[in-house]
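Here's a quick tour to read with the model open beside you.

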Amino acid sequence: MPHCAVARLREILPPPVSGGDSIDWQGIERTAGLTLPADYREFVELYGGGEIDEYLSISTPPVPGSAYGDLLDRRDHFLSHQDRERLIALLPGSALPPLLPFADSASSDVAFWLCEGAPDGWRVAVFRRQTPYGMSRWTVFDGGMASFCVAVLTGEVNPLSERLSAGDRHEFLSWRRV
């Protein structure tokens, strides 16, 4: 059964004609010890790696020929101590869960999963590179990857350095076309 957020995403972001990427999800679980959220797996199979509106790049597990297949290489993403502390201040508790970046903007913003609990419950935290003085660089989104994409594309949230058009027309550029 399709994930409801992915179904909504399909309405506002047509999947590429070239299709998505075929991933051995069980192999990733075995070799990397990582189970990824169901909405993300469905997204990758439908869209693959690529860019939304030539601005937001989505990473995938390794796919031969894809420049976007670097998700597993990014598990130890570097953030300064100060940036980590600022994110911790926005979260309940005093510990930072593991972070896994899954998307980057053309403005060098980074969207991370907060890898805490079951994968389908992972929330999204966005590190915004360019912020007005005094504003937080971090936005925590209480939803998964597909819900986050829908919220950004519809203008419900604006956690990135540049606002994506909230219009009805959005385009996904597959790595096969980039």
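**Aromatic rings**

F141 counts as buried, because its relative accessibility is 16%, and buried means under 20%. Keep in mind that this is a predicted model. From here we'll look at the rings, then a helix, then some loops and a strand.

- A search of the whole structure turns up 11 aromatic pairs. One of them joins F141 and F148 edge-to-face, with 5.8 Å from centre to centre and 70° between the planes.
- Why those two numbers? A pair of aromatic rings is described by the distance of the centres and the angle of the planes.
- Which residues do ring pairs link into a cluster? They are W25, Y40, F102, W113, W122, F141 and F148.

- V157 sits in the loop between α5 (145-154) and β7 (172-174).
- Is V157 buried or partly exposed? It's partly exposed, because its relative accessible area is 24%.
- Leaving aside neighbours within four places in sequence, V157 is in contact with F141, A151 and V152.
- V157 and F141 are 16 residues apart along the chain, and 8.6 Å separates their C-alpha atoms.

**One side of helix α4**

- Helix α4 covers residues 81-88, and its buried residues are D83, L87 and I88. They span an arc of only 140° around the axis, so they lie on the same side of α4.
- Here's some background: an α-helix has 3.6 residues a turn, so residues three or four places apart point the same way.
- What covers the buried residues of α4? The cover includes the strands β3 (99-105), β4 (110-114), β5 (123-127) and β6 (138-141).

- Look for V63 in the loop between β2 and α4.
- V63 is buried, because its relative accessible area is 13%.
- How far apart in space are V63 and D21? Their C-alpha atoms are 7.3 Å apart, while in sequence the two are separated by 42 residues.

**S57, in strand β2**

- S57 belongs to strand β2, which runs over residues 56-58.
- This serine is buried, because the relative accessibility of S57 is 17%.
- Residues up to four places away in sequence aside, S57 touches G50, E51, Y68, F102, A103 and D104. Among these contacts, F102 also belongs to the ring cluster.

- Most residues other than glycine have a negative phi. With that in mind, here are two to check.
- D53 is not a glycine, yet its phi is positive, near 50°. E54 isn't a glycine either, and its phi is positive too, at about 50°.
- Where are they? D53 lies in the loop between β1 (50-52) and β2, and E54 is found in the loop between β1 and β2.
- D53 counts as partly exposed, because its relative accessibility is 25%. E54 is exposed, because its relative accessible area is 59%, and the cut-off for exposed is over 50%.

Terms used
Residues are numbered from 1 along each chain as its sequence is written. This is a predicted model: local features need pLDDT of at least 70, side-chain atom pairs count only at pLDDT 80 or more; totals for chains, interfaces and linings use all residues. Side-chain values use heavy atoms; hydrogens and water are left out. Helices (H or I, at least four residues) and strands (E, at least two) are DSSP runs, numbered from the N terminus. Buried means under 20% relative accessible area, exposed over 50%, partly exposed in between (1.4 Å probe, protein chains only). Contact means heavy atoms within 4.5 Å. The arc is that of the directions from the helix axis to the C-beta atoms. Rings of Phe, Tyr and Trp (its six-membered ring) pair if their centres lie within 6.5 Å; planes under 30 degrees apart count as stacked, over 60 as edge-to-face and the rest as tilted.
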